[in-house]
Amino acid sequence: MSKQAQNERLIQKLRKRIARLEQENRQCQIVQQEMCEEQKRVQKLAKAAQERAAEMTKANDALRRSVNVLATESNLNQFIGHVLRVTAEQFDAPLAEYWQVTNPNIGQVVGWWGHNQIHGFGEEHNHPAKAPGVRFPPHMLENGQLSTRRTHFVSPFDHSVEPIQGEFPCDPQAWYRAYDAYWQLNLPLVIGEICFGVIIFWLPSARSFTKQQVELGYALAQQITLAIRLCQLADEAKQEAEQAAILQERNRIAREIHDTLAQCLTGIIIQLQAATDSHTANPLNHIAIATEMAKSGLTEARRSVRALRPQVLEAASLDAALVQLVSQIQSDRLHSNCRILGTPYTLPVEVESNLLRIAQEALTNCIRHAKATQVKLDLVYQPEQVTLCIKDNGCGFSPSLTTQGYGLVGMWERARAITANLTITSQPNEGTDVVVILSISQVDT
């Protein structure tokens with residue numbers, strides 16, 4: 001092979017090698033470019049993740065602050081104002097509004113956030129829709145009514161919002177333009193099946209709401225809904241408590257009237273019947289007792305209605321009052337006996353009043369219903385308990401068959417009121433035993 005041929009062959013090999021190197025270089029450049037693009041994408045994702053984390057941190061902080069206010073703030077308007085402020089700061093929104101639905105398609109602005117402060121919520125403010133009677137535009141409705149709305153929407157400023165009658169106190173377009181408010185995030189507040197209000201956040205035309213901002217808006221709107229529902233439940237509970245207190249007071253007054261007028265009249269009837277009995281030795285004495293009982297009953301009824309303790313307990317102790325009570329029902333037809341056992345000691349006013357009333361009812365029943373000829377009352381004082389026993393030899397009754405009248409119901413209620421144990425034992429033709437056991441450890445002294 002000539003030298004020239006060898007050189008041409010060598011040159012051809014070099015050209016192939018150079019071409020191969022150029023191809024490898026191009027592949028390296030492509031890989032390098034792909035790596036640069038991947039690095040940029042990773043950096044972009046990392047930056048987005050950092051921004052997302054920062055936004056989530058701010059959102060969590062906003063939620064935490066709102067939850068703290070919800071747990072401590074008793075004023076609902078101040079809480080809603082706080083949520084508007086926190087969310088507006090989170091969104092960097094120039095304006096936020098709380099609309100209250102007054103009719104299916106009609107509402108008014110109760111309060112709003114703008115110029116870095118809260119307006120309205122019971123205070124005078126200059127919002128164009130501060131007066132009731134602003135008709136909502138169709139796109140804010142659902143099934144033709146705002147009260148049935150469930151979903152949010154994002155839209156630009158709507159020029160079709162108008163008052164039902166008259167005019168706005170100022171030009172709404174100019175008013176919103178002053179706040180650079182263009183895009184609105186409109187969130188319904190729903191309890192049960194009813195949309196009772198709307199929260200609206202506004203952004204300038206150059207910015208739009210992100211998915212994360214919509215989610216945060218929903219979360220804070222739910223907090224407002226929860227706060228309003230809690231206030232509603234608190235109002236309902238307060239009303240129920242007031243009704244229960246009224247009913248309890250009515251029952252108390254009814255028991256007092258029953259224990260004073262009814263039982264006093266029963267005693268008067270007993271004395272007058274004894275006075276008119278031909279076998280009575282001294283009828284004038286029974287008439288005098290009946291007169292005193294009538295005077296005492298009248299005074300007692302007046303004082304009981306004023307929720308004062310029984311008059312007899314103001315002048316005497318419980319044991320002395322029971323001795324007097326038993327002596328008043330004594331007659332030729334009814335032999336009564338009262339024993340005070342142990343050393344008497346003073347009990348709280350409510351306890352003594354209820355024990356006296358239970359004794360009154362038991363004695364009245366043995367006269368009015370049992371037709372007893374003998375009745376015994378024992379009041380036993382012991383260090384750990386006080387026991388009241390009333391036993392008669394009347395006709396008795398079957399507890400399983402009898403219908404409990406107001407007197408028996410009142411006895412049970414009075415026993416429960418002082419945490420005492422009441423036992424009524426009776427059988428037909430075997431008399432009745434009433435026993436009240438009061439544990440001193442249960443008495444609030």
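Predicted model: local features only at pLDDT ≥ 70, side-chain atom pairs only at ≥ 80, totals over all residues.

**Exercise 1. Carry out the corresponding analysis for asparagine 429.**

Step 1. The residue belongs to the loop between strand 12 (421–426) and strand 13 (432–439).

Step 2. Asparagine 429 is not a glycine, yet its phi is positive, at about 65 degrees.

Step 3. Exposed means over 50% relative accessible area. Asparagine 429 has 68% relative accessibility and therefore counts as exposed.

**Exercise 2. Describe the span of helix 2, its buried residues and what follows the helix.**

Step 1. Helix 2 covers residues 76–91, which amounts to 16 residues.

Step 2. From first C-alpha to last, helix 2 reaches 23 Å, close to the 22 Å expected at 1.5 Å a residue.

Step 3. The buried residues of helix 2 include Phe79, Ile80, Val83, Leu84 and Phe91.

**Exercise 3. Explain why the buried residues of helix 7 lie on the same side of the helix.**

Step 1. Helix 7 comprises residues 318–328, and Leu318, Asp319, Ala321, Leu322, Leu325 and Val326 are buried there.

Step 2. These residues cover an arc of only 160 degrees around the axis, and therefore they lie on the same side of helix 7.

Step 3. In an α-helix there are 3.6 residues a turn, so residues three or four places apart point the same way.

**Exercise 4. Identify the nonpolar surface patch that contains Ile18, and classify isoleucine 18 by its accessibility.**

Step 1. The patch is formed by Leu10, Leu14 and Ile18, which together have about 280 Å² of accessible area.

Step 2. Isoleucine 18 is located in helix 1 (residues 3–72). At 46% relative accessibility, this residue counts as partly exposed.

**Exercise 5. Summarise the chain as a whole.**

Step 1. The chain contains nine helices and 13 strands.

Step 2. It has 445 residues, of which 39% count as buried.

Step 3. The chain exposes about 25,500 Å², and carbon and sulfur atoms supply 53% of that area.

Methods: Residues numbered from 1 in each chain as written. Heavy atoms only, no water. Buried < 20%, exposed > 50% of the residue type's maximum accessible area, 1.4 Å probe, protein only. Helix = DSSP H or I, 4+ residues; strand = E, 2+ residues; numbered from the N terminus. Arc of directions from axis to C-beta. Areas by Shrake-Rupley, 256 points an atom, 1.4 Å probe, with all protein chains shown as cover. Expected span 1.5 Å × (residues − 1). Patch = residues over 30% accessible without salt bridge, like charges linked within 9 Å, V, L, I, M, F, W, Y side chains within 5 Å. Salt bridge = Lys/Arg side-chain N within 4 Å of Asp/Glu carboxyl O.
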